[in-house]
Amino acid sequence: MKDEITREDRVANLKGMGCSRKRVEDARFTQGKGNYVDDIKLPGMLHGDFVRSPYAHARVKSINIDAAMALPGVVAVLTAKDLEPLNLHWMPTLAGDKQMVLADGKVLFQGQEVAFVVASDRYVAADAVELVEVEYEELEVIVDPFKSLQSDVVLREDLVAEDGSIPNGAHGPRKHHNHIFTWEAGDLEATEQVIDNAEVVATEEMYYHRTHPCPLETCGSVASMDKVNGKLTLWGTFQAPHVVRTVASLLSGIEEHNIRVVSPDIGGGFGNKVGVYPGYVCSIVASIVTGVPVKWVEDRMENLMSTAFARDYWMKGKISATKDGKITGLHCHVTADHGAFDACADPTKFPAGFMNICTGSYDIPVAYLGVDGVYTNKAPGGVSYRCSFRVTEAVYFIERMIEVLAIELNMDAAELRRINFIKKEQFPYTAALGWEYDSGDYHTAWDKALEAVDYKGLRAEQAQRVEDFKAGKTRKIMGVGLSFFTEIVGAGPVKNCDILGMGMFDSCEIRIHPTGSAVARLGTISQGQGHATTFAQILATEIGLSAESITIEEGDTDTAPYGLGTYGSRSTPVAGAAAAMAGRKIRAKAQMIAAYLLEVHDNDVEFDVDRFVVKGAPERFKTMKEIAYAAYNQAIPGLEPGLEAVSYYDPPNMTYPFGAYVCVMDIDVDTGVPEIRRFYALDDCGTRINPMVIEGQIHGGLTEALAVALGQEIAYDDMGNVKTGTLMDFFLPTAWEVPNYETDFTVTPSPHHPIGAKGVGESPHVGGVPCFSNAVQDAFRPFGNRHTNMPHDHWRIWQTANNLGMHD
Amino acid sequence: MSNKMHVKLNVNGQDHEFLAEPRELLIYALREKLNITGPHVGCETSHCGACTVTMNGKSVKSCTVFVAQANGAEVTTIEGLGTPDALHVLQESFKEHHGLQCGFCTPGMITRAAKLLEENPNPTEEEVRFGIAGNICRCTGYQNIVKSILSAASELNAAKEAAQ
């Protein structure tokens, strides 16, 4: 057979790893043909809506549903009393706590679900919500976690024994009735000793404010109970559909094979859609009760008030060093405000997520971390908003401590980082708090970044600007924000990481069709990351069929193999690895088929792009298309027909992407308006699958970082009222506020991942937040600033300038 | 119900008549009565722009227009911009420049961008950024959206020149 095209062309035709393949998802999205949960319309479908508590802490004295039930079109109004016989008035949280589905005797945060109205359409449901009469008796509200730990007010009466004693929680002993857990890592005594005897110590307290992932699509579900066949189908905004199926089975008693969970197109997740929410449970119950499908979709205010906040960490740090800047120890204590129920989405053994990555990218010999979780009258949640579990908090903490230490040492913060980086030859590196970093080359990345932005030139310009400001020549000051981050993603080894007991492996199943095209299904679910495009690229390279001929399916638990879903940048590190491994199984069988067809020994053929060739005789080959056809249509001795493979991948370790970011910012001290002049982002995510998609992820993650650092927050007043419940008050940047970003990269493959990839979606958020914040704080450093808390909105920046006497 | 009104709409060139309560929002009439689900609901307060449609020649947030206000109007949604066989230039360029990720804002964004390019066929980057500031995207950071729109503008202009 004559080969018509060059090897180069064959590689290009494959559209495999490394090329900027255009996304296959885009055709439907650009034509308005996406299928999101609110687009689902089933015959006879009813609409659910919640009666929510206006109070942050109150007893529910009575609920009168008569007027609501009398409204034409209202089919049911569910309260905790209706759910109790099914044992569904409370549900387990992902953090080992439990949470009210509907208010059981009291409410613990503003916006808490009190009753669920089911009606013929959304308007009737909304009208009926207004007609449900709830009598409340207000109780003392606690929104401050420090006060909570001192208060006599018991928030969770269900967690206090009858004799008044405080039983252990899911994560061990509790110190107070409003205390959830203490979690520790590292060596306290050794750390204290080092810090007490250090030449230089810097201490700082910082509040990483509460915020919210706020994807553009809110959370929702459609439940359809088919009573004839005993099957429940549940469509919803689920970042982990298989976990939802298992939880739904455990809660409802419906056998798992009788439940089908489908995540249709998801309009952004960012952590918001990891949790299990009362709305999902109520739509299921309502469908069981009414016998028809029931839809529940929250509105924006409900989304911001009740489903999945992020952060809310009060962090206290001490960092010690020698006089010349070598870091010797790190101490961190966190008071973590978890709200009314501990519904954090973390692996079971890690109630503070991977906060113990807080030694960052630095070789710190000894460290200690203690975290105390606390109940308050705020919404539950504690999800990882565009980051692996609590990694944004950890990286913000260390990147601020480095800056504060630089001030203490009167040293350049870039140089301080450089002399403390873990060195290339130290990898795999075991950090003081236990993690084994797989690979890294921090010095190379840092040097490349600083050179790209002309760091020395920027500092000279900044010094001149300070002079000019002091001389009255300008009212704009200039900041150079630095951050160097190490992520920890791809949870995770099953031995360490589980959610509700389910090990955090992931999976891929491939079926090659006789004509040489394929369908592959994975246990993950895209929410905009472009899995249908990029996973096909991994498979194309592994099995030698064009990505254009490979359909990727996710999100339907009836067809996809079991997996733990998409969050914590785990899709490429775990499911991507499963895809590669399944692809290699296909290839192994294909090799035997090729050898048979070419009448040589198995070991005499080798894989080459899209075919197996006879070693030393490249003109003799069988393409993967030919092999696929033969697999189904030719009797091959000793081989079963067909060409399929499945892989369940339990990663041996997490992956550790890293990056170096620099932000150049001008700040008008009279208006407090920051202007981002330049943002340079160097990311090392190991092997790069699709550079276009990677860049898109970085632009998006940086923009979410900008939002969090410069204005976005979920704020409460003392009464527990949410002050930022609409997009009027909750800051989402528009095109007008967002700069153009410069992206760059180095490639340090993960040594343990089959294709060396590390994951990238969350890196820009993790590295971006401290970079934007450091830029603001660096601008004020020459004027005496040490630390100010985020979010750095215009008002707070103005206040900083004012406090530093810059308006005098 | 007794307080329903008779609503006439022309959507994407097609006439529709239906009964609706005057308070029903245009977005729900489109999505739930006419099954035009391209425009999405992101906030119901006019902030996010996921529901953007063109009504009587102007970009509007259909989540804050009552059907009573829209009665008799001509409405264009993403479904009316192109067909699978003849995509609008913007639909092509958003794919080409990776101007979308989760796709939820995309129908509103492209509908707005199409109107923007009618209003200002040769916008600067700044004008594009200002012109789409009513449409929020949580995924892309806008950089590639702006690129997509500027590229579509040059393509449209080149096509116009070629036609002259």
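Lys15(A) is placed in the loop between α1 (7-14) and α2 (26-30) of chain A, where helices (H or I, at least four residues) and strands (E, at least two) are DSSP runs numbered from the N terminus. The model is predicted, so that local features need pLDDT of at least 70 and side-chain atom pairs count only at pLDDT 80 or more, while totals for chains, interfaces and linings use all residues. Residues are numbered from 1 along each chain as its sequence is written, chains are lettered from A and ligands numbered from 1 in the order in which they are written, and side-chain values use heavy atoms, with hydrogens and water left out.

Most residues other than glycine have a negative phi, and most peptide bonds are trans. Lys15(A), although not a glycine, has a positive phi of about 50°. Lys15(A) is partly exposed, with a relative accessible area of 33%; buried denotes under 20% relative accessible area, exposed over 50%, and partly exposed the range in between (1.4 Å probe, protein chains only). A positive phi, near 45°, is also computed for Arg386(A), a residue other than glycine. Arg386(A) occupies the loop between β18 (381-383) and α11 (391-409) of chain A and is buried, at 5% relative accessible area. Cis peptide bonds are found at Ala491(A)–Gly492(A), with omega about -25°, and from Met790(A) to Pro791(A), with omega near -10°. Gly492(A) belongs to the loop between β21 (476-486) and β22 (498-499) of chain A, and Pro791(A) to the loop between α19 (763-780) and α20 (794-803) of chain A.

Over all chains, the count of salt bridges comes to 66, a salt bridge being a side-chain nitrogen of Lys or Arg within 4 Å of a carboxyl oxygen of Asp or Glu. Glu113(A) is paired in this way with Arg52(A), the closest N and O atoms lying 3.4 Å apart. Since Glu113(A) lies in strand β7 (residues 113-119) and Arg52(A) in strand β1 of chain A, the pair ties together parts that are 61 residues apart in sequence. Both partners are buried, Glu113(A) with a relative accessible area of 3% and Arg52(A) with 17%.

A salt bridge also joins Arg260(A) to Asp556(A), with a closest N to O separation of 2.8 Å. The pair links distant parts of the chain, 296 residues apart: Arg260(A) is in strand β13 (residues 259-262) of chain A, and Asp556(A) is in the loop between β26 and α16 of chain A. Arg260(A) is partly exposed at 28% relative accessible area, whereas Asp556(A) is buried at 15%. In the salt bridge between Glu542(A) and Arg587(A), the closest N and O atoms are 3.6 Å apart. Here helix α15 (residues 531-543) of chain A provides Glu542(A) and helix α16 of chain A provides Arg587(A), the two residues being 45 residues apart. Glu542(A) counts as buried at 5% relative accessibility, and Arg587(A) as partly exposed at 23%.

The loop between β26 (550-554) and α16 (571-598) of chain A also holds Leu564(A). Leu564(A) is buried, with a relative accessible area of 0%. With residues up to four places away in sequence not counted, Leu564(A) touches residues including Ala240(A), Val243(A), Met502(A), Phe505(A) and Arg570(A), contact meaning heavy atoms within 4.5 Å. The C-alpha atoms of Leu564(A) and Leu522(A) are 10.0 Å apart in space, and the two residues are 42 apart in sequence.

The size of an interface is often given as the accessible area lost when the parts come together. Chain B and chain A bury about 4,500 Å² between them, 54% of it on carbon and sulfur atoms; buried area is the accessible area (1.4 Å probe) that two parts lose on being put together, summed over both. The contact takes 51 residues from chain B and 54 residues from chain A. Six salt bridges are found across the interface of chain B and chain A. Glu96(B) forms a salt bridge with Lys22(A), the closest N and O atoms being 3.7 Å apart. A network of salt bridges links Asp38(A), Asp39(A), Arg122(A), Lys295(A), Arg31(B) and Glu32(B).
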